[in-house]
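Please keep the sequence and the structure in view while reading.

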Amino acid sequence: MSKIVDVLCKADRPESIITWKRSPKVQALLVSLSCGETPLTHEGFDAAAESVERPANHLRALFIHHGLLPYQDPHLARFETWIDDKLRDLAEEIAKPVLQFATWHHLRRIRSMTTPEKSAQAPVHSAKQEITETIKFLAWLRDTHQRTAANCNQQDVETWLATGPTTKKAIRTFIVFIKNTGTNHRVEMGHYTAKTRPAITQDQRVAWLRELLTGTSESLPYRVAGILLLLYAQPLVRVAKLRTDAVETNESTGNMRITFGAHPVPIPEPFADLLREHLKSRPNLRTGSDAQSPWLFPGIRAGQPLHPNGIMDRLRSLGIDLRGARNTALDEHLLASPPPLVADALGYSHQIAFLHADNAGDAWSRYVNLRTRP
């Protein structure tokens with residue numbers, strides 16, 4: 001406990017720590033940890049989080065950040081608890097196949113790909129949606145047709161998909177799973193392709209860039225995040241995970257570059273000035289996490305970046321169509337450069353870049369064939 005006391009005492013804003021410690025729940029947790037009633041382990045914090053979730057998770061993040069606990073991805077840990085809660089009250093004929101799906105497919109895959117550098121946040125979000133829709137599908141099967149995952153048929157799947165929102169199509173991974181595991185060979189489901197492709201006009205994109213560069217409608221971090229979306233077609237999930245070392249400055253010229261993919265790209269003025277200002281005043285660095293955070297957008301929790309959903313909510317509240325803005329930004333880059341160059345510069349796959357190029361109706365779709373000719 002002595003090291004964490006030192007960490008809290010060295011915070012740049014001790015008033016924040018004092019305010020935090022005034023909470024009776026925080027005081028009880030600190031006493032429990034200091035006397036050994038709550039072990040200084042992830043299991044101990046898991047147990048404490050059942051009654052004091054926010055203080056326990058905040059303190060756990062500080063312990064991990066300062067090397068007092070081994071790394072544990074918070075999204076993966078909460079996902080495991082979420083699965084247990086989700087299945088607890090379900091009938092066995094629904095809970096059993098969903099547990100197999102969640103454990104053998106999602107948990108095994110997410111555990112294998114999660115590292116301190118690669119958060120489980122995005123795959124966990126996707127897995128939750130697929131599991132939730134699968135539960136709805138299996139409940140509908142039981143209540144409407146008295147069938148289960150093992151004996152449902154193709155007509156059941158087609159009927160389910162034909163009515164209701166497009167989120168119903170999230171059962172596709174489960175359908176593939178029960179077929180591959182031999183649970184049910186009679187059903188199949190292809191990939192879903194959206195019928196519409198949202199976009200904003202180039203004039204709207206320029207207007208939003210101007211507002212975020214010079215306006216006062218949002219605080220600095222969210223303005224910078226929005227410009228990264230509008231200028232470089234960066235998904236906000238990726239923006240939230242950017243590190244400060246992605247930005248580099250040429251000491252002799254003062255020019256700035258940022259890396260999203262295979263090589264860095266220039267940062268034009270006046271965005272470069274705005275980014276310099278943000279780097280000097282990043283938030284959430286003065287309450288125990290220290291000023292050495294690697295994240296371009298540090299979060300409230302020590303050692304973690306801002307949650308992308310928070311960034312999305314703030315920018316949506318301004319009226320920005322996030323998907324439309326990203327599509328239009330990518331289209332503009334593809335109108336000026338071949339898809340492979342855009343893909344390498346902005347961190348997209350070549351396949352995605354060519355698909356967007358075709359949707360945008362540009363002339364680069366013949367690029368691969370043309371470059372092989374004499």
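Two strands are said to pair if DSSP finds at least two bridges between them. Helices (H or I, at least four residues) and strands (E, at least two) are DSSP runs, numbered from the N terminus. This is a predicted model, in which local features need pLDDT of at least 70 and side-chain atom pairs count only at pLDDT 80 or more, while totals for chains, interfaces and linings use all residues. Residues are numbered from 1 along each chain as its sequence is written, and side-chain values use heavy atoms, with hydrogens and water left out.

The sheet is open and consists of three strands in the order β1-β2-β3, with antiparallel pairing. Because β1 (247–249) and β3 (265–267) stand at the edges with a single partner strand each, one side of each is left without a neighbour in the sheet. From one strand to the next, the twist averages 35°; here and below, axes are lines fitted to C-alpha atoms, for helices over the stretch in contact, and angles run from 0 to 180 degrees between N-to-C directions. Strands of a sheet pair through backbone hydrogen bonds, either parallel or antiparallel. In this sheet, β1 and β2 (residues 256–258) run antiparallel and are joined by three bridges. V247 stands opposite I258 in β2.

Helix α14 (residues 271–280) lies across β1, β2 and β3 and runs at about 80° to β2. In the loop between β3 and α14 is P270, which a cis peptide bond with omega of about 5° joins to E269.

In the first, helix α11 (residues 202–214) and helix α12 (residues 220–232) pack at an angle of about 155°, their axes 9 Å apart. The two helices are therefore roughly antiparallel; angles under 35 degrees count as roughly parallel, over 145 as roughly antiparallel, 65 to 115 as roughly perpendicular and the rest as oblique. The residues that meet, with contact taken as heavy atoms within 4.5 Å, are R205, W208, L209, L212, L213 and T214 in α11 and R223, G226, I227, L230 and L231 in α12. The contact of α11 with α12 comprises seven nonpolar, two polar and two charged residues. In this classification Ala, Val, Leu, Ile, Met, Phe, Trp, Tyr, Cys and Pro count as nonpolar, Asp, Glu, Lys and Arg as charged, and the others, Gly among them, as polar.

On the α12 side are L229, L230, L231 and Y232, and they meet L322, A325, R326, A329 and H333 in α16. Seven nonpolar, one polar and one charged residues make up the contact of α12 with α16.

In the third, the axes of α12 and helix α15 (residues 308–318) come within 10 Å and cross at roughly 90°, which means that α12 is roughly perpendicular to α15. Y222, A225 and G226 of α12 make this contact with G310, I311, R314 and L315 of α15.

Two further features complete the tour. A search of the whole structure finds nine aromatic pairs, among them an edge-to-face pair of F101 and F174, 5.3 Å centre to centre with 75° between the planes. This pair links distant parts of the chain, since F101 is in helix α7 (residues 92–113) and F174 in helix α10 (residues 172–180), 73 residues apart. Rings of Phe, Tyr and Trp (its six-membered ring) pair if their centres lie within 6.5 Å, and planes under 30 degrees apart count as stacked, over 60 as edge-to-face and the rest as tilted. Finally, Q146 has a positive phi of about 55° although it is not a glycine, and Q146 is placed in the loop between α8 (121–145) and α9 (154–162).
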